[in-house]
Amino acid sequence: MIIESTPYSLQNNINSLKLKSNTIGFVPTMGALHQGHLSLIEASLQKTDKTIVSIFVNPTQFGKNEDFNAYPRNLKEDLMILQKYNIDFLFTPQTQDIYPNGEQPTVQIIEPNLASLYCGVSRPTHFQGVLGVVLRLFNIVQPDKTFLGEKDFQQLTLVKKMVKDLFLPIEIIGCPILREPSGLALSSRNTYLSEKEKAEAATIYQALCFAQKLVSLDEINADKVIDQVTRLIQKESTIQIDYMSIVDSETLAPAQEIKKNDRILFAGYLGKTRLIDNVAL
Ligand code: AMP
């Protein structure tokens, strides 16, 4: 594993790999690696010749009052974990490497519809920051395939949309959510939670499974499902629901009548910690 922190140097190295007909797999992360990230790396190692992982806590996707400064950063631990994997490059740029003109970039990627729904309501500049950094990383790494988690389902959908709209020659591969035995979706932000809070946070997955059960019992009214699931979360936990929506799994348009493969998306706060999750119905 070669560690690179300079965009042009990584780009040159990858150009050489591509000249030798290697396919390039890319796994972008913000570090504090857990098994969810590692499952993406494993998928890339399996499906491509060379795997590039990036660790970059992207300031532009955090709102002013969000946890950019507190976000867990464990580069030493991440390196130890990554040594066990046969990846080719780890890209660890600094903010000025990605944004040489400062954090208010002059060229921005704006998606005017989906980016303002769901997570975009509470985090109005979040997806602009995400798409901006992902496009920059794509141009540096020039991957053939990129592996993203379904955990961030709206992000996955928006990146797929950007790739299609901008004719980027990249295949986006969505990978399943990895969970703790309790059902709590793995997340770097789980380090903010005490053991007791983690147990409480597992209510989210239980509630989403309850939605699946209602649908399997032929409930197709989205409002009714959301109502019952909301009541379960409110009864069993102190979680403050930010939103819960049942959506089409391709477009993320809200569903009135639930159809096969629709998805229920959830975001909420346990104390100050924002937690997101989703399941297919
Ligand atoms: P992050 O470091 O949080 O930006 O996440 C980097 C990538 O890992 C994103 O594509 C996430 O969707 C994915 N990811 C995060 N948590 C999980 C999880 N529990 N299971 C699968 N993928 C995940």
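An oxygen atom of the ligand sits 2.9 Å from a polar backbone atom of G149, a polar contact in the sense of a pair of N or O atoms within 3.5 Å (within protein, one must be able to donate a hydrogen and the other to accept it, and residues adjacent in sequence count only if both atoms are side-chain atoms). This is a predicted model, in which local features need pLDDT of at least 70 and side-chain atom pairs count only at pLDDT 80 or more, while totals for chains, interfaces and linings use all residues. Residues are numbered from 1 along each chain as its sequence is written, and side-chain values use heavy atoms, with hydrogens and water left out.

Let's stay with the ligand for a moment. An N or O atom in the side chain of H37 is 2.9 Å from an oxygen atom of the ligand, and a nitrogen atom of the ligand lies 2.9 Å from a backbone N or O atom of L178. In total, 16 residues surround the ligand, counting a residue as near if one of its heavy atoms lies within 4 Å. The closest are H37, G149, D152, L178 and L186.

Now for the helices, which are DSSP runs (H or I, at least four residues) numbered from the N terminus. Helix 6 (residues 126-141) and helix 7 (residues 153-165) have axes that come within 11 Å and cross at roughly 55 degrees; axes are lines fitted to C-alpha atoms over the stretch in contact, and angles run from 0 to 180 degrees between N-to-C directions. That angle makes helix 6 oblique to helix 7, the class left over once angles under 35 degrees count as roughly parallel, over 145 as roughly antiparallel and 65 to 115 as roughly perpendicular. In the contact (heavy atoms within 4.5 Å), F127, V130, L131, V134, L135 and F138 of helix 6 meet Q154, Q155, L158, V159, M162 and V163 of helix 7.

Helix 6 also has helix 1 (residues 7-19) as a partner, at an angle of about 45 degrees and with the axes 8 Å apart. These two are therefore oblique to each other as well. Here P7, L10, Q11 and I14 of helix 1 touch N139, I140 and V141 of helix 6.
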